[in-house]
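Please keep the structure open as you read.

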There are 2 protein chains.
Amino acid sequence: MSSEAPLHPDVAHLAFLLGTWEGEGRGDYPTIEPFPYGEAVSFWHNGKPFLSYSQLTWHLDDHRPLHSEMGFLRGHGKGEQVEWVIAHPSGIVEIEVGWVKERNLELESKRVTLAPTAKQVTRLTRSIEVVPDMRGAVLRYQLSMAAVGQALQQHLSAELRRLSPEAAAAKDR
Amino acid sequence: MSSEAPLHPDVAHLAFLLGTWEGEGRGDYPTIEPFPYGEAVSFWHNGKPFLSYSQLTWHLDDHRPLHSEMGFLRGHGKGEQVEWVIAHPSGIVEIEVGWVKERNLELESKRVTLAPTAKQVTRLTRSIEVVPDMRGAVLRYQLSMAAVGQALQQHLSAELRRLSPEAAAAKDR
């Protein structure tokens with residue numbers, strides 16, 4: 001989905017995220033039953049100083065859609081600081097701030113803002129690492145959440161593989 | 001991009017927005033030169049009680065990318081109230097609330113939250129109408145903005161046409 005434009009230098013250090021990733025994860029939280037899920041994540045760019053981001057998960061049994069989210073990851077060049085703005089269909093928008101170091105990204109919500117009928121989420125942290133391997137690359141992430149009166153704690157973790165450009169294009173159709 | 005799933009009843013009254021729309025608009029603001037732009041907007045669904053939304057604009061002379069945004073439009077069935085959560089690559093996230101009536105949507109930002117390095121936008125309003133015509137349908141919108149110390153005022157207006165499903169699929173490739 002990325003354009004022909006060269007990657008903007010302010011996000012060059014985020015190039016390790018580009019592409020479409022697919023795999024499986026697991027969700028836990030005190031208020032719900034643990035659940036496994038399938039997931040697809042895409043990062044793409046158009047030559048400007050940010051990466052576009054979209055994500056969706058589905059139930060592994062019947063493939064019904066679960067969560068999805070979309071947003072933009074803003075780089076600032078020289079420094080390692082990044083900002084990630086994300087909208088959730090559950091009526092939540094987040095401003096996350098954090099840093100990137102090699103192939104690791106660590107972020108924490110600076111502001112979580114809720115639509116009038118949204119679930120009460122108060123804080124999120126995200127940790128992402130990309131590890132090259134013989135078959136390409138693996139993306140692992142962990143997400144912690146404070147919500148509905150519960151303290152910040154592990155909520156989601158997943159392991160995704162980068163699809164080949166051909167496989168990613170076929171998924172888009 | 002919509003799934004095979006039936007449209008959720010809570011967003012049935014928003015069905016007039018579904019599809020991919022393309023056309024041209026014009027931007028004005030006291031701090032910038034007036035500018036014409038090309039624009040593509042998509043609304044799609046996956047059977048859950050929201051529409052997914054993405055938008056991008058480009059310069060009409062050289063097709064360089066200008067703005068883009070992504071988010072989710074949440075319906076609540078019976079009532080006319082809707083919530084729209086939107087992330088902007090300029091480091092802004094919005095919670096908009098408003099109402100839908102027939103083929104009109106009127107929204108106002110309830111909260112605008114800024115990443116540390118974002119431009120100072122304080123308030124937005126959006127007005128959208130879809131008018132069926134002999135060639136299909138036209139979507140017109142107006143967006144007003146209060147930003148960088150200026151009062152809320154007209155910023156963007158555009159007129160877009162719905163693409164045929166075949167034309168929209170070709171654009172995705």
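Strand 2 of chain B and strand 3 (residues 50-59) of chain B run antiparallel and are joined by 8 bridges. Strands here are DSSP runs of E with at least two residues, numbered from the N terminus, and two of them pair if DSSP finds at least two bridges between them. Opposite S42(B) stands S54(B) of strand 3 of chain B. This hairpin has 5 residues between its strands, and G47(B) takes a positive phi near 95°.

This is a predicted model, where local features need pLDDT of at least 70, side-chain atom pairs count only at pLDDT 80 or more, and totals for chains, interfaces and linings use all residues. Residues are numbered from 1 along each chain as its sequence is written, chains are lettered from A and ligands numbered from 1 in the order in which they are written, and side-chain values use heavy atoms, leaving out hydrogens and water.

Strand 2 of chain B also pairs with strand 1 of chain B in the antiparallel sense, and G25(B) has Y37(B) as its bridge partner.

| Strand pair in chain B | Bridges | Residues between strands |
|---|---|---|
| Strand 1 (residues 19-29) and strand 2 (residues 32-44) | 10 bridges | 2 residues |
| Strand 2 and strand 3 (residues 50-59) | 8 bridges | 5 residues |

Now to the side chains. L17(B) is in contact (heavy atoms within 4.5 Å) with residues including F43(B), L51(B) and R162(B), not counting residues up to four places away in sequence.

How are the copies related?

Note on methods: Helices (H or I, at least four residues) and strands (E, at least two) are DSSP runs, numbered from the N terminus.
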